[in-house]
Amino acid sequence: MIRLCRYRRVPRQNRSASRKGVLLRDGNTCQYCRRKLAAQELTLDHVVPRSRSGSATWENLVACCLACNNRKGNRTPQEAGMVLMKTPRPFSIHAKLAGGADEQAWEKYLFC
Ligand SMILES: [Zn+2]
């Protein structure tokens, strides 16, 4: 029998994350080394790797430079000893309404 581990409400607005949108939200700044770079020098990092069921949602995508992406590889930030500049959130005019609730929603990706 399969049981869900700590199921929480699905965060609102977790759809349609785009490269452009993520870079805009993160201010073209690598979320690991905090360097501000040109868009073409940045990639999108799946915080929880795709191979670990990480999805392409706002909460799981951050701007990341090539060096950090290589360093992180197929690991979570904790495993790689890397710290995100800020918790990734949906980017919209409504995002600020979510407040602290997203922090908890985010936990399941890291600790579940
Ligand atoms: Zn970086």
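A salt bridge here is a side-chain nitrogen of Lys or Arg within 4 Å of a carboxyl oxygen of Asp or Glu. Keep that in mind for several stops on this tour. The model on screen is predicted.

**Stop 1: the whole chain**

Start with a cartoon view of the protein chain. Its secondary structure comes to 5 helices and 2 strands. Followed from the N terminus, the elements run α-β-β-α-α-α-α. The chain has 112 residues, of which 38% count as buried. Contacts between residues at least 6 apart in sequence show how the chain folds back on itself: 65% of them join residues at least 24 apart.

**Stop 2**

Select residues 42-46, which are β1, and 61-65, which are β2. The two strands pair in the antiparallel sense, over 5 bridges. To see one of these pairings, pick H46 and look across to its bridge partner in β2, L61.

Now show the side chains of β2. In a regular strand, side chains alternate between the two faces of the sheet. Which residues of β2 lie on each side? L61, A63 and C65 are on one side, V62 and C64 are on the other, and all of them are buried. Both faces of β2 are therefore covered. Counted along the strand, 5 of its 5 residues are buried.

**Stop 3: the zinc ion**

Which residues coordinate the zinc ion? The donors are the SG atoms of C30, C33, C65 and C68, at 2.2 to 2.4 Å. Along the sequence, these donor residues are spaced C-x2-C-x31-C-x2-C.

Turn the view to look at the angles. The 4 donor atoms make angles of 103 to 118 degrees, and the site is tetrahedral. For comparison, the ideal angle for four tetrahedral donors is 109.5 degrees.

C65 has 2% relative accessibility and counts as buried. C68 is also buried, with a relative accessible area of 6%.

**Stop 4: the salt bridges**

How many salt bridges does a search of the whole structure find? The search finds 4. Three of them are visited here in turn.

Select E79 and R52. Their closest N and O atoms are 2.9 Å apart, and the two residues form a salt bridge. E79 is in helix α3 and R52 is in the loop between β1 and β2, so the pair links distant parts of the chain, 27 residues apart. Are these residues buried, partly exposed or exposed? E79 is partly exposed, with a relative accessible area of 45%, and R52 counts as partly exposed at 37% relative accessibility.

Next, select D45 and K72. This salt bridge has its closest N and O atoms 3.2 Å apart. D45 belongs to strand β1 and K72 to helix α2, which covers residues 66-72. The two residues are 27 residues apart in the chain. D45 is buried, with a relative accessible area of 3%. K72 counts as buried too, at 1% relative accessibility. Both values fall under 20%, which is why both residues carry the label buried.

Then select K86 and D26. Their side chains meet in a salt bridge of 3.0 Å, N to O. K86 lies in the loop between α3 and α4, while D26 lies in the loop between α1 (19-25) and β1. The pair is 60 residues apart and links distant parts of the chain. K86 is partly exposed, with a relative accessible area of 36%, whereas D26 is buried, at 5%.

Salt bridges that share partners join R25, D26 and K86 into one network.

**Stop 5: the aromatic pair**

Finish with the rings. The structure holds 1 aromatic pair. Select W58 and F91: their ring centres are 6.2 Å apart and their planes stand at 45 degrees, so the pair is tilted.

W58 is in the loop between β1 and β2, and F91 is in the loop between α3 (77-80) and α4 (95-98). They are 33 residues apart.

Key. Residues numbered from 1 in each chain as written. Predicted model: local features only at pLDDT ≥ 70, side-chain atom pairs only at ≥ 80, totals over all residues. Heavy atoms only, no water. Phe/Tyr/Trp six-rings, centres within 6.5 Å; stacked < 30°, edge-to-face > 60°. Helix = DSSP H or I, 4+ residues; strand = E, 2+ residues; numbered from the N terminus. Buried < 20%, exposed > 50% of the residue type's maximum accessible area, 1.4 Å probe, protein only. Pairing = 2+ DSSP bridges. Donors = N, O, S within 2.8 Å, 3.2 Å for Na, K, Ca; no water. Tetrahedral: all angles 85-135°; square planar, octahedral: opposite > 155°, others 65-115°. Contact = heavy atoms within 4.5 Å.
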